[in-house]
Amino acid sequence: MELLKKVEATKEAKPVANKIKLGHVHLSGCTGCLVSVADNYQGFLKILDDYADLVYCLTLADVRHIPEMDVALVEGSVCIQDRESVEDIKETRKKSRIVVALGSCASYGNITRFCRGGQHNHPQHESYLPIGDLIDVDVYIPGCPPSPELIRNVAIMAYLLLEGNEEQKDLAGRYLKPLMDLAKRGTTGCFCDLMDDVINQGLCIGCGICAASCPVRAITHEFGKPQGDLNLCIKCGSCYGACPRSFFNPDVISEFESINEIIAGALKEGEKDD
Amino acid sequence: MIEDPYLGKYVTCVSARSTDKEILKKAQDGGIATALMVYALEQGIIDGAIVAGKGDLPWKPRPFVAMSREDILKAQRAKYNISPQISWLKEATRSFGLDKVGITGVCCQMQAVRKAQLYPINMRDVPGKVAFAVGLFCMVNFPYDSIQALVEDHANQSLSSVKKMEFGKGKFFVHTERGNVATVPLKETHKYEQPGCHVCLDYVSNLADISTGSVGSPGGWSTVFIRTKVGNEIWSKAVAEGLFETKPIEEVKPGLGIVKKLAKEKIDKNRKTLEERRNFGVNKALRDPYA
């Protein structure tokens, strides 16, 4: 009896009314991005408990058709020879308030840019495009795979943007702006962006973060500046995204301590009820 | 918390020097960055620190993950040329298996670290593992070949004979092992600067947990800004344990005024550069990294 009462009480205490609807749309990708989402561990459960309902996700939710969503996280690129994938991405755009390109395949094509077809069953499947080539995308989360922490930050900021008070909406808007600007900037990303927009512009400071962010170790430093091995580059766009000279919003980044506290607080809130 | 448009946010500012004889002997100034990292390592606040260690050529730094007091001491003294420190940030948590990473660096490197913490693009496990960041004051940085030209062509010294390099009082000083001091007027060094530094809007490492530099304090001492909760906690403990001699910044000469003056000079000049970039060519602007 005691236990039942406790379960009932917990149910009522949870703020379910203002949860946002979150979906994960899986196109041509390796599921690494979804693993990254799940790698937030308790943090992900906390997000699902208090802030978001997972209304669509091939591997985690038993829903067959793309429903109405507040935030759609799209993983993978679109095979344009596959009618169903093309329909899926169009429907996702139609039914979502915010479309997020989750990971580098959705943002920039990434490794799927190198596909040449020839797979069993569908040898004719050969052209894979980042989702931004087919629909308007609101937010990019580059990375191969994107880091769990960035997905968590974006999820919490998206919640604050849709459901928060004025102050929180303002912060979330300022936080998400650079990732929205990346979405407007284009659908290709590789070491060349670093060359064109940072090194050739005389902005590089040789700090080395591009090399740290490269998942295939294609970047070394020569004469104090990054040198990319274009044969290794998989076009994930991470180096450009990570560079402090690609975007740097001082008003948000200099608040790093309090923003980290807000995020930590948001992930702890539910615990007090238990 | 004090907020200054040029000096950033900080809890307190003091003048200090390390009480460790071995650290002081080879210190650039007060040995603050070295002593703090050694303390953090010995207290278990960090498991290791990314520092600018010795490279394959004299005075060419190489980013290096130091896991002992000896390692950290090897990285002492300012090199004034580029060390891609942050390239080890993720690697330190992987190959070296560090759960708590310490990092020292100049202003732009602190910017890279904080951006990686808030926008961890392909930086899995990094945001929560940066345990302690010590920033250095930085007016401008040089490519290695620039330092070579300044020391060998302008100051007429062999790089391998140099004991210490220093910027101050309108001059670039080159101290050699045999006691010679050669100087180069500051205005001759300007053309050798790294262009990327000319849009930097930070002089005193605003985003570090603790930032330090010689400017503002007497010779052999350093000016120290304590900026974050993490920094404040580590600093208070280290001072309580007698690791540093401190003096209120108001009581030392030349004091905070000169720090503010230089910060203003750098930032105002670089704001002008940003403005000029907008009108660089004919109807063609250069990128503004802050827009």
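This is a predicted model: local features need pLDDT of at least 70, side-chain atom pairs count only at pLDDT 80 or more; totals for chains, interfaces and linings use all residues.
A salt bridge is taken here as a side-chain nitrogen of Lys or Arg within 4 Å of a carboxyl oxygen of Asp or Glu. Between domain 1 of chain A and domain 2 of chain A, the count is two salt bridges.

The domain arrangement of chain A gives the setting for this pair. Domain 1 comprises residues 20–188 together with 248–267, and domain 2 comprises residues 191–242. The centres of domain 1 of chain A and domain 2 of chain A, taken over C-alpha atoms, are 24 Å apart. Contact between them involves twelve residues of domain 1 of chain A and ten residues of domain 2 of chain A. About 830 Å² is buried between domain 1 of chain A and domain 2 of chain A, with 56% of this area on carbon and sulfur atoms. On the side of domain 1 of chain A, the residues that lose the most area to domain 2 of chain A are A:Phe114, A:Cys144 and A:Arg185, which together account for 45% of what that side buries. Five residue pairs are in polar contact across the interface of domain 1 of chain A and domain 2 of chain A, both residues being at pLDDT 80 or more. Helix H5 (104–108) and helix H7 (166–185) of chain A are the elements that give two or more residues to the side of domain 1 of chain A that touches domain 2 of chain A. By class, this side of domain 1 of chain A has six nonpolar, four polar and two charged residues.

The interface between the chains was examined next. Here 43 residues of chain B are in contact with 56 residues of chain A. Chain B and chain A bury about 4,200 Å² between them, and 57% of that area is on carbon and sulfur atoms. In chain B, the residues losing the most area to chain A are B:Leu118, B:Tyr119 and B:Ile121, together 19% of what that side buries. Four salt bridges are counted between chain B and chain A. Polar contacts between chain B and chain A number 31 residue pairs, both residues at pLDDT 80 or more. The elements giving two or more residues to the side of chain B that touches chain A are helix H4 (89–94), helix H5 (107–118) and helix H8 (229–240) of chain B. H5(B) supplies the largest share of this side, nine residues. The side of chain B that touches chain A divides into 23 nonpolar, ten polar and ten charged residues.

Over all chains, the whole structure holds 27 salt bridges. The side chains of A:Arg174 and A:Asp251 form one at 3.4 Å, N to O. Because A:Arg174 lies in helix H7 of chain A and A:Asp251 in helix H11 (residues 250–253) of chain A, this pair ties together parts that are 77 residues apart in sequence. A:Arg174 is partly exposed at 29% relative accessibility, and A:Asp251 is partly exposed at 39%. In chain B, B:Lys129 forms a salt bridge with B:Asp99, the closest N and O atoms being 3.4 Å apart. B:Lys129 is in the loop between H5 and strand S7 (130–136) of chain B and B:Asp99 in the loop between H4 and strand S6 (101–106) of chain B, so this pair ties together parts 30 residues apart in sequence. B:Asp99 is partly exposed, with a relative accessible area of 44%. Shared partners join A:Asp170, A:Arg174 and A:Asp251 into one network of salt bridges.

Buried positions were also examined in chain B. The buried residues of helix H6 (residues 144–154) of chain B are B:Tyr144, B:Ser146, B:Ile147, B:Ala149, B:Leu150 and B:Val151. These buried residues of H6(B) pack against strand S8 (162–168), strand S9 (171–176), strand S10 (181–185) and H7 of chain B. B:Thr189 lies in helix H7 (residues 186–189) of chain B and counts as buried at 1% relative accessibility. Leaving aside neighbours within four places in sequence, B:Thr189 is in contact with B:Phe142, B:Leu150, B:Phe167, B:Phe172 and B:Val184.

Definitions and conventions: Residues are numbered from 1 along each chain as its sequence is written. Chains are lettered from A and ligands numbered from 1 in the order in which they are written. Side-chain values use heavy atoms; hydrogens and water are left out. Domain bounds come from an automatic or database domain assignment. Contact means heavy atoms within 4.5 Å. Buried area is the accessible area (1.4 Å probe) that two parts lose on being put together, summed over both. A polar contact is a pair of N or O atoms within 3.5 Å; within protein, one must be able to donate a hydrogen and the other to accept it, and residues adjacent in sequence count only if both atoms are side-chain atoms. Helices (H or I, at least four residues) and strands (E, at least two) are DSSP runs, numbered from the N terminus. Ala, Val, Leu, Ile, Met, Phe, Trp, Tyr, Cys and Pro count as nonpolar, Asp, Glu, Lys and Arg as charged, and the others, Gly among them, as polar. Buried means under 20% relative accessible area, exposed over 50%, partly exposed in between (1.4 Å probe, protein chains only).
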